[in-house]
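Subject: Structure handover

Hello,

Here is the structure I said I would pass on. My notes on it follow below.

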Amino acid sequence: CVLMMLVVCLTSTFAVAQQEEEPPIPPKRSKAAKVGAFGGFTPGWLFVDVKPINEFLQPAKGAALKDNGVFLWGGGGAAYIMLVPNLRVGGAGMSGAIKSTSLDASGIRRDAELNVGFGGVTFEYVVPIVERLDVAFGTMIGGGGIDITLRQDVGGSKTWGQEWNNFGSGNYQVLGQVNNVKRTMSGAFFVWMPSVNVEYAILGWVGVRLGASYVGMASPSWTIDDNNELLGVPSKVTGKGFMVNAGVFVGTF
């Protein structure tokens, strides 16, 4: 009887020791607030609606702008403010361009270029999912806009010697007024950009991001050649649209 009680006691002690040594499954993620700061490269692909621009460009003998989006280059960074757990504040900026070219039978070349750019302050709330993997919900508030540049040229080749001859003979004034024309229509907007991003820390100091955003633009102000106010611009001519974006960052996560 004593022997049986000893066996039972030893078995119970061994079972309890095993339970204490085994880690919980799945392992619990730390509930501590996130800390750190980072910065890096943030490319994106913005699906701008170019149809309102093409409606004017094509009747004017220009080539239509492609409607498959604009590649944007940019950068950004942020830091956790600590006052609110998992909330970080930073900044970001992006820009890119597309263009088209047409050449008619008389040799006149017409170029159209659309530039889109914006930047501002970012606010993001980070939700930890598993170790090293987070989802960030946020927005950017700032400014930006679009430039529509129109160029008209007589076409043909340009040579070094020809340009110096025109400079010396005074032909630049004639060429500028008759053959070569450049006008830039610029729209400045208030910009907001809600976004959601999935982020993964590859190392303690390197992270990557993949996400989606919507670039909104409102309250436009238009000028031409940065000098005079431009009136009558259709309200549909903006740089707004959905965007897919990525990022590579260095810092502490």
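Is Trp73 buried or exposed? Trp73 is exposed, because its relative accessible area is 54%, and the cut-off for exposed is over 50%. Please keep in mind throughout that this is a predicted model.

Aromatic rings

Seven aromatic pairs turn up in a search of the whole structure. In one of them, the ring centres of Phe41 and Trp73 are 5.5 Å apart and the planes meet at 35°, so this pair counts as tilted. Phe41 has a relative accessible area of 35%, so Phe41 is partly exposed. Phe41 and Trp73 also belong to one aromatic cluster, together with Trp45 and Phe71.

The chain as a whole

The protein chain contains four helices and 10 strands. Along the sequence, their order is α-β-β-α-β-β-β-β-α-α-β-β-β-β. Of the 253 residues in the chain, 32% are buried. Among contacts between residues at least 6 apart in sequence, 73% join residues at least 24 apart.

The cavity

The whole structure was also searched for cavities of 30 Å³ or more, and one was found. The largest cavity holds about 270 Å³ of space. It is lined by 24 residues, and those closest to its centre are Ala92, Thr122, Glu124, Met193 and Arg209. Elements that contribute two or more residues to this lining are β3, β4 (87-103), β5 (109-130), β6 (133-153), β7 (181-201), β8 (206-224) and β10 (241-251). Sorted by class, the lining has 10 nonpolar, 12 polar and two charged residues.

Confidence

The average pLDDT of the protein chain is 85, and 81% of the residues score at least 70. Two stretches deserve a separate mention. Over residues 2-8 the pLDDT stays under 50, and the model has zero contacts beyond four places in sequence for them. Residues 20-30 also stay under 50, with eight contacts beyond four places in sequence. Where pLDDT is low, the predicted coordinates should not be read in detail.

Regards

How values were computed: Residues are numbered from 1 along each chain as its sequence is written. This is a predicted model: local features need pLDDT of at least 70, side-chain atom pairs count only at pLDDT 80 or more; totals for chains, interfaces and linings use all residues. Side-chain values use heavy atoms; hydrogens and water are left out. Rings of Phe, Tyr and Trp (its six-membered ring) pair if their centres lie within 6.5 Å; planes under 30 degrees apart count as stacked, over 60 as edge-to-face and the rest as tilted. Buried means under 20% relative accessible area, exposed over 50%, partly exposed in between (1.4 Å probe, protein chains only). On a 1 Å grid over the protein atoms alone, a cavity is a set of points where a 1.4 Å probe fits but cannot get out, and a pocket is an open set with protein on both sides within 12 Å along at least five of seven lines; lining residues have an atom within 4 Å of a point. Grid points are joined across faces, edges and corners, and a volume is the space filled by probe spheres set on the points. Ala, Val, Leu, Ile, Met, Phe, Trp, Tyr, Cys and Pro count as nonpolar, Asp, Glu, Lys and Arg as charged, and the others, Gly among them, as polar. pLDDT is the predictor's confidence in each residue, from 0 to 100. Contact means heavy atoms within 4.5 Å.
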